[in-house]
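I opened my notebook for this one and went through the model entry by entry. Here is what I looked up, in the order I got to it.

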Amino acid sequence: MIQQTLLLIKPNATKKNNIGAILKMVERNNFVIEKLKMMKMDEPLAEKFYAEHFGRDFYPFLLEFMLSGKIVAVLLSRENAIPKLRELVGNTDFEKANLGTIRSLYADSYRENSVHASDSPESAKREISLIFS
Ligand code: ADP
Ligand code: MG
């Protein structure tokens with residue numbers, strides 16, 4: 001089934017000029033870039049985007065990080081896009097991410113793990129409408 005999913009290239013990766021390298025990996029893995037925009041999140045958007053993590057100890061630091069620079073939002077499609085992108089992105093903890101995954105290559109820390117990828121059809125729908133509505 002052809003699905004859509006959302007990739008965000010996070011501020012640590014945009015700052016280090018890794019946008020092109022990450023987009024190349026995505027395209028080489030047969031994802032189609034349907035929409036793409038560079039932007040800065042504002043606080044209300046970041047709060048909505050990460051609402052599921054409100055109250056967690058890492059939440060304020062996550063928001064501060066996501067607001068610290070430019071991000072690139074990418075709407076992607078392909079067969080089974082949601083699980084396939086999570087696979088290509090790798091574990092949240094880059095030290096546990098498989099070799100060759102985006103996070104294994106471009107994460108700087110647990111928090112600054114270079115990219116976000118939607119984790120379910122419900123999340124993808126919600127996140128795409130937050131960013132691309
Ligand atoms: P994922 O991005 O893999 O879906 P989560 O949804 O659990 O992971 O967390 C969202 C983001 O919050 C992570 O990508 C990471 O940037 C940050 N984060 C999550 N847990 C921690 C933690 N324990 N310490 C620091 N940052 C964290
Ligand atoms: Mg998540």
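Where does ligand 1 sit? I looked this up before anything else, keeping in mind that the model is predicted. Ligand 1 is found in the largest pocket.

**Entry: the shell**

Next I listed the neighbours. Around ligand 1 I find K10, Y50, H53, F58, L62, R86, T92, R103, Y110, R111 and N113. I then sorted this shell by class and got 4 nonpolar, 3 polar and 4 charged residues.

- K10 brings a polar side-chain atom to 3.0 Å from an oxygen atom of the ligand.
- R103 has a side-chain N or O atom that is likewise listed at 3.0 Å from a ligand oxygen.
- R111 uses its backbone: an N or O atom there lies 2.8 Å from an oxygen atom of ligand 1.

On its own, ligand 1 has 530 Å² of accessible area, and the protein covers 80% of that.

**Entry: N113**

I came back to one of the shell residues, N113. I placed N113 in the loop between α6 (102-106) and β4 (115-117). Is N113 buried or exposed? Its relative accessibility is 2%, so I put N113 down as buried, the cut-off being under 20%. A polar atom of the N113 side chain lies 3.3 Å from the backbone oxygen of T92, and T92 is itself listed around ligand 1.

**Entry: S114**

I looked at S114 in the loop between α6 and β4 as well. What is the phi of S114? I read a value near 75°, which is positive although the residue is not a glycine. S114 has a relative accessible area of 0%, so S114 goes down as buried.

I then turned to strand β3 (residues 71-79), where S77 lies. With 7% relative accessibility, S77 counts as buried. Which side chain does the side chain of S77 contact? I found a polar contact with the side chain of E34, at 2.5 Å.

N80 is in the loop between β3 and α5 (81-89). I noted a positive phi here too, about 50°, and N80 is not a glycine. Because its relative accessibility is 33%, between the 20% and 50% cut-offs, I recorded N80 as partly exposed.

Notes
Residues are numbered from 1 along each chain as its sequence is written. Chains are lettered from A and ligands numbered from 1 in the order in which they are written. This is a predicted model: local features need pLDDT of at least 70, side-chain atom pairs count only at pLDDT 80 or more; totals for chains, interfaces and linings use all residues. Side-chain values use heavy atoms; hydrogens and water are left out. A residue is near a molecule or strand if one of its heavy atoms lies within 4 Å of it. A polar contact is a pair of N or O atoms within 3.5 Å; within protein, one must be able to donate a hydrogen and the other to accept it, and residues adjacent in sequence count only if both atoms are side-chain atoms. Accessible areas come from the Shrake-Rupley method with a 1.4 Å probe; for residues, only the protein chains shown count as cover. On a 1 Å grid over the protein atoms alone, a cavity is a set of points where a 1.4 Å probe fits but cannot get out, and a pocket is an open set with protein on both sides within 12 Å along at least five of seven lines; lining residues have an atom within 4 Å of a point. A molecule sits in a cavity or pocket if more than half of its atoms lie within 2 Å of its grid points. Ala, Val, Leu, Ile, Met, Phe, Trp, Tyr, Cys and Pro count as nonpolar, Asp, Glu, Lys and Arg as charged, and the others, Gly among them, as polar. Helices (H or I, at least four residues) and strands (E, at least two) are DSSP runs, numbered from the N terminus. Buried means under 20% relative accessible area, exposed over 50%, partly exposed in between (1.4 Å probe, protein chains only).
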